Structure formats: C-alpha cells, structure tokens
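Please look over the sequence and the structure shown here before reading the briefing that follows.

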Amino acid sequence: MPKRILDGDSLWKSGKISQVQPPRFRAEYANMLPLAMANGSFECDPRAIWATVYSYNRPDVTPEDTVAILDEFERVKLLYRWKVSGHTWGYWVGIEKPGRLPSQARQKERHERTGEPVPQDELRVFLGLEPIGSQQETIREPIGSLGLGLGSGLGSGSGNGNGLGLGSGSGEGSGEGNTVTKALRERNENQNPPESQNRNLSLKRKAELQEQKQKQELLTSAIEVYREQHGREPDDRAFGIICSKNHIPFDLGKTLLLESVVRVNHG
C-alpha cells in the first residue's frame with residue numbers, strides 16, 4: 001500500500017473539508033488519502049475501498065457509508081472521478097503539490113506504482129477552469145488607423161539662349177485605415193450576447209428546475225419508505241445514505257427536503 005505525506009496545515013484549515021456533511025465524514029479524508037498511487041490516482045471502487053480501509057478495524061463504517069463519503073468528497077471537489085474501460089478511477093485534487101507525491105524521477109524509474117493518468121482537461125472543467133486545449137495566446141492589435149499613400153511626378157523643360165528651363169510635376173496619395181480592432185469587437189460581443197444565447201440559458205434553467213423537481217420527488221419517496229420500515233425519521237447518517245443511493249449531494253438533499261416541507265405547509 002502506498003505511503004503518502006499528509007500536509008497538516010492544509011488538512012486542518014481546508015475550506016473544502018469544512019463543507020463536508022455530515023461532519024463525521026471529514027476525518028475520513030485523511031484515512032483514504034494513502035489510497036493514491038505515485039501520480040495521485042487510484043482505483044475508486046467503493047466496495048474495494050471499504051474492504052481495504054475499513055473492514056479490518058472500523059465496523060462502524062459500512063459499504064453504504066463508503067459510497068456516501070466518496071460522493072460527498074466529490075461534491076465539495078476534494079475528489080475527482082472518471083471512468084476508463086468500465087473501471088472508476090479517483091484523484092485527490094491538489095495532491096500534486098510539492099512534497100506530497102514521489103518525485104517524477106522515482107516515477108520514471110518505476111520505484112513507485114502509478115495509476116491511470118489524470119485527464120487534465122476534464123479535471124479543469126470539473127474544477128470550473130478553462131481547459132488547457134482551449135487557451136489561446138492573446139494577440140495585441142494597435143488601436144488607431146493605418147494609411148498607405150502612393151505618389152508620382154513628371155517634369156519636362158526646354159531652353160533657348162541661356163538655357164533657361166521650366167519644369168512641373170504632380171503627385172497624389174490615398175490611404176485607408178481600420179479604427180475598430182478585433183479586441184474591441186470581441187468585447188462588445190461579450191457585453192451584448194446574442195438573443196440565441198439568452199434563449200439557450202433560459203432552456204438550461206428550465207432543465208435544471210425539472211431535474212431538481214425529480215430529485216425532490218425521489219428523496220421524498222425514499223424517506224417515506226424509511227419511515228414505514230423503521231417507524232421514525234432518518235437521522236443524519238441514514239439521510240446521507242438515502243441521498244447517496246439516489247445520487248443526491250447531502251447539502252442539496254437537505255435543501256430539497258426543506259423546500260418540500262415549506263411547500264406542504266403553504267399548500
């Protein structure tokens with residue numbers, strides 16, 4: 001099993017860990033961190049993790065608890081998960097910081113086991129960042145006008161006696177410049193999005209509301225089943241398991257449950 005270094009200051013003062021609900025799940029981050037292989041990734045199968053981390057000396061943690069813990073870590077962006085050939089892999093966000101993993105040299109010399117490579121673009125999207133592939137260098141253009149002028153002249157002369165001569169010439173120039181640069185056009189477009197973009201945002205919002213309503217109905221139905229089976233309301237642990245089984249983050253589940261109660265009271 002890998003040996004991993006815990007950064008005490010980062011662990012104790014982590015804003016992400018403080019968001020984990022219920023609070024009893026928070027300590028499990030340090031318990032699961034050594035699952036990471038040399039490049040920070042690990043096979044993220046909940047039952048296998050339960051068997052490795054908890055089955056020997058933690059009878060208080062069930063396989064269902066393990067599923068809920070992993071879901072909650074993913075919700076607060078401590079954990080990123082993705083699939084490769086039907087297998088789920090996990091990555092502890094931020095574990096790549098200096099001193100937390102074996103050096104690249106040790107990894108290249110195969111002194112340490114490495115897991116599946118982390119898809120960096122997908123990870124950045126998960127974290128709300130711009131994918132590396134879409135980043136383009138900004139080309140600066142001068143603001144002002146640029147003109148080009150052309151001119152020509154012709155002269156002739158004749159003389160008599162003392163050789164006095166006269167000459168004449170003419171020249172003409174024209175030019176055209178672009179005073180609105182690409183940078184300004186792009187800024188104006190961003191400040192005034194087209195109507196189609198506003199329409200797409202409206203459709204997206206409707207879809208989100210519909211999905212939220214479906215989750216609320218699932219949650220309410222599952223709680224009713226729990227009441228019938230146990231004759232009581234679910235505590236935080238039971239509620240967390242209910243949320244996990246229905247793929248609903250714990251905090252969102254609390255919010256949906258509260259909205260449901262308010263709707264019933266005002267109905």
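A charge is taken to sit over a ring if NZ of Lys or CZ of Arg is within 6 Å of the ring centre and within 35 degrees of the ring normal. By that rule, the charged end of lysine 77 sits over the ring of phenylalanine 126, 4.3 Å from the centre of that ring. This is a predicted model, in which local features need pLDDT of at least 70 and side-chain atom pairs count only at pLDDT 80 or more, while totals for chains, interfaces and linings use all residues. Residues are numbered from 1 along each chain as its sequence is written, and side-chain values use heavy atoms, with hydrogens and water left out.

**Overall make-up**

- The protein chain has eleven helices and three strands, where helices (H or I, at least four residues) and strands (E, at least two) are DSSP runs numbered from the N terminus.
- Along the sequence these elements follow the pattern α-α-α-β-α-α-β-β-α-α-α-α-α-α.
- Of the 267 residues in the protein chain, 27% are buried, a term that means under 20% relative accessible area, with exposed meaning over 50% and partly exposed in between (1.4 Å probe, protein chains only).
- Among contacts (heavy atoms within 4.5 Å) with a separation of 6 or more, 62% join residues 24 or more positions apart.

**Aromatic pairs**

- Seven aromatic pairs are found in a search of the whole structure; rings of Phe, Tyr and Trp (its six-membered ring) pair if their centres lie within 6.5 Å, and planes under 30 degrees apart count as stacked, over 60 as edge-to-face and the rest as tilted.
- The pair of tyrosine 29 and phenylalanine 73 is edge-to-face, because the ring centres are 5.9 Å apart and the planes stand at 90°.
- This pair links distant parts of the chain, since tyrosine 29 belongs to helix α3 (residues 28–32) and phenylalanine 73 to helix α5 (residues 63–75), 44 residues apart.
- Both partners are buried, tyrosine 29 with a relative accessible area of 11% and phenylalanine 73 with 0%.
- The rings of tyrosine 80 and phenylalanine 126 have centres 5.2 Å apart and planes at 45°, so this pair is tilted.
- Tyrosine 80 is in strand β2 (residues 79–84) and phenylalanine 126 in helix α7 (residues 120–126), so the pair ties together parts that are 46 residues apart in sequence.
- Tyrosine 80 is buried at 6% relative accessibility, and phenylalanine 126 is buried at 18%.
- Tyr29, Phe42, Phe73 and Trp92 form one aromatic cluster.

**Nonpolar cores**

- A nonpolar core is a set of buried Ala, Val, Leu, Ile, Met, Phe, Trp, Tyr and Cys residues joined through side-chain atoms within 4.5 Å.
- The largest core has 33 residues, of which Met32, Ile49, Phe73 and Trp92 touch the most other members.
- Two or more residues of this core come from each of α3, α4 (46–54), α5, β2, β3 (87–92) and α7, and the largest share, four residues, comes from α5.
- Leaving aside residues up to four places away in sequence, tryptophan 92 touches several residues, including Tyr29, Met32, Phe42 and Phe73.
- Another core of ten residues lies apart, with Leu219, Phe239, Cys243 and Leu256 among them.

- Lysine 254 lies over the face of phenylalanine 239, at 5.3 Å from the ring centre.

**A buried loop residue**

- Asparagine 39 is in the loop between α3 and β1 (41–43), and this asparagine 39 is buried, with a relative accessible area of 18%.
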